[in-house]
Structures are given as structure tokens and as C-alpha cells.
Amino acid sequence: MLKQCLSGLLGEEEIGLLHSSFDVIGDIAVIKIPPELSEREQIIADTILAKMKNVRTVLKQDSPVRGEFRTREVSYVSGEKKFTAIYKENQCLFKVDVSKVYFSPRLSTERKRIASLVKEGERILNMFAGIGSFSIVIAKRVECLIESVDNNPAAYELAIESLKLNKRMKGTVKPILSDALEYTKRHKGSFDRVLMPLPERSWEFLPAAIASLDERGSRMIHYYVHVSEEQFKDKGWIHSHLGSIVSDKRFDVLLWKKVREVGPRYIQAVADILVS
Ligand SMILES: C[S@@+](CC[C@H](N)C(=O)[O-])C[C@H]1O[C@@H](n2cnc3c(N)ncnc32)[C@H](O)[C@@H]1O
């Protein structure tokens, strides 16, 4: 759509260099501009503002998602100068500062899927909760308790503010500002279900996540990883990966699913694991 809108304003070769999609978080569009088009960023941003009535601000992504807090550097290009937006998804509202916290609208289907699996009365640990996006979508639908941990102070503050935006929630979300490993180790045997949405490093936290499961609970872990296309297609990969981290437990992988593409031939996948 963007490519069509820019025909006549950019050359054909320049249009070929454009990324075909970009994130829109509330009324903020976050675009990636290839270095060859840096002098054209203003016209690209102004075109987005003119064509997309729901967009009031265009920011440019200046770095990949990186660092412990999984944030990206962004800079202002056009429209209203701001970095914070209210984003709506799955009948929930979130306050997002795109310069300070991780947030991806591309995970909305996955959040809905996890919420559909949770049963009433469950105690859930979300180890890498960010602004509480998974936690709030779950609590909107199911009466349960979710301990929603993140070590980024900005994410913790925005989780508290996002909770205030969501009325009539069935469950309870408790935002916690802490290192996930420390917190999880202090809560052995406490949870029915654990969410691990830190795909770059989730394996480091798996033994602690397992120890935090209640012996008599559902004993489910949603384990997110980045894998190559070959690893994803290899049916035995996830089993040997889990076995190489924890050897004295039995894992039933109930689901091994692609969540989204994160690079050329590189995938974010999720394993729903029943631990016995
Ligand atoms: C990929 S983001 C996912 C955020 C959220 N679940 C979402 O999908 O929007 C990973 C989150 O883990 C947090 N994080 C990274 N290392 C952590 C740690 N050791 N303890 C607690 N949180 C951590 C980051 O601050 C970031 O918010």
C-alpha cells in the first residue's frame, strides 16, 4: 500500500528498496528506512501521515531490538512529536512508550491463543512481562492470578498505567519489578503455568521456571525461542534442546509452532511444554 502511495514521488528503484510493512502502535507508525533512502525519509513519513488517518506520529527505527530490555532506538520524523501511544488489542488497552519498552503488535494472535488455554483459578508467572501485554489479555478473559515480572522500570510503570486503563477484568495482574531469575527462584512450587517470552535467552531461565511449577498444578510452560528454519522443521530439535538443558525431567511438547519470522530463514517459535 505504501509503495503504491509513493509511486510518482519516489523513483522505481527507490520504491523497490522500501520495506513492505511497518508497525503501527496506536497512532504511532514506526518505519525502517534503508540507508540509501535516508534523504527521502521526510517524504515517506509525510505520505504515511497523509494516507493513514489513524496515524498522528511517524518515528524511524534507528537500531535493531537489542540489550537486556529488548528496546529499539527510535527518532522523530513527522507529525506530533511524541513517543507514547495508547494501543488497543483483544479488547484491551495498553500504554506504550516505543522508545523505552519492547512491544510488538505482531504478537496479538499469540496473546489471544495463550489466553484461550488458561483455566479459571490458575496461578501464572509471566517471567518477561514487558508492559504486561500477555498478562492483561489473559486477565481480561479468565479469573486467575498473574505475577507479571520485568526488570525494566519503564515497563513496570507502563504495566501499572495499562492496568488502570482496563476495567472489568476477570483476573488479577500483579506487576513486579524484579530480575526474573531471582524472583522465580524465590517462588519454588508456586505456579500452574509459566510464560517465557524472551526468545533470545529463555533457555537460561528454564531450570528455575520448572522449579517454580506446583507439583499438583497444570505444569505448563510456554517456551519461546529463536531458531533457524532447519531447526524448526527438525521434529527432534526441541526435545533434544530441552533435554540438553534439563535432563532429569520428562517433557511432553504439546505444540511446536511458528509465531512469526524474525529474519531471513530465522523464526520465533513457541513450545507448549507439559513438565512431568
Ligand atoms: C521480548 S520482550 C517481551 C515483552 C512482553 N512479554 C511482550 O511480548 O510485549 C522481553 C522482556 O523481558 C525483560 N527482561 C529481560 N531480561 C530480564 C530479566 N532477567 N528479568 C526480568 N525481565 C527481563 C525485558 O525488559 C523485556 O521487557
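This is a predicted model: local features need pLDDT of at least 70, side-chain atom pairs count only at pLDDT 80 or more; totals for chains, interfaces and linings use all residues.
I then looked up a salt bridge between side chains, and noted Glu200 and Arg70, with 3.1 Å from N to O. I also counted polar contacts: three residue pairs make them between domain 1 and domain 2, with both residues at pLDDT 80 or more. On the side of domain 1 that touches domain 2, I listed five nonpolar, two polar and four charged residues.

Next I checked where the domains run. Domain 1 covers 2-82 and domain 2 covers 102-275 of the protein chain. For the contact I noted eleven residues from domain 1 and ten residues from domain 2. I looked up the distance between the C-alpha centres of the two domains, and it is 31 Å.

Then I turned to buried area. Domain 1 and domain 2 bury about 880 Å² between them, and 50% of this lies on carbon and sulfur atoms.

Last, I looked at the whole chain. I noted ten helices and 13 strands. The C-alpha trace spans about 65 × 45 × 30 Å along its principal axes. I compared the radius of gyration, 20 Å, with the value near 19 Å that a compact globule of 276 residues would have, and the two agree.

How values were computed
Residues are numbered from 1 along each chain as its sequence is written. Side-chain values use heavy atoms; hydrogens and water are left out. Domain bounds come from an automatic or database domain assignment. Contact means heavy atoms within 4.5 Å. Buried area is the accessible area (1.4 Å probe) that two parts lose on being put together, summed over both. A salt bridge is a side-chain nitrogen of Lys or Arg within 4 Å of a carboxyl oxygen of Asp or Glu. A polar contact is a pair of N or O atoms within 3.5 Å; within protein, one must be able to donate a hydrogen and the other to accept it, and residues adjacent in sequence count only if both atoms are side-chain atoms. Ala, Val, Leu, Ile, Met, Phe, Trp, Tyr, Cys and Pro count as nonpolar, Asp, Glu, Lys and Arg as charged, and the others, Gly among them, as polar. Helices (H or I, at least four residues) and strands (E, at least two) are DSSP runs, numbered from the N terminus. The radius of gyration is taken over C-alpha atoms; the globule rule is 2.2 Å times the number of residues to the power 0.38.
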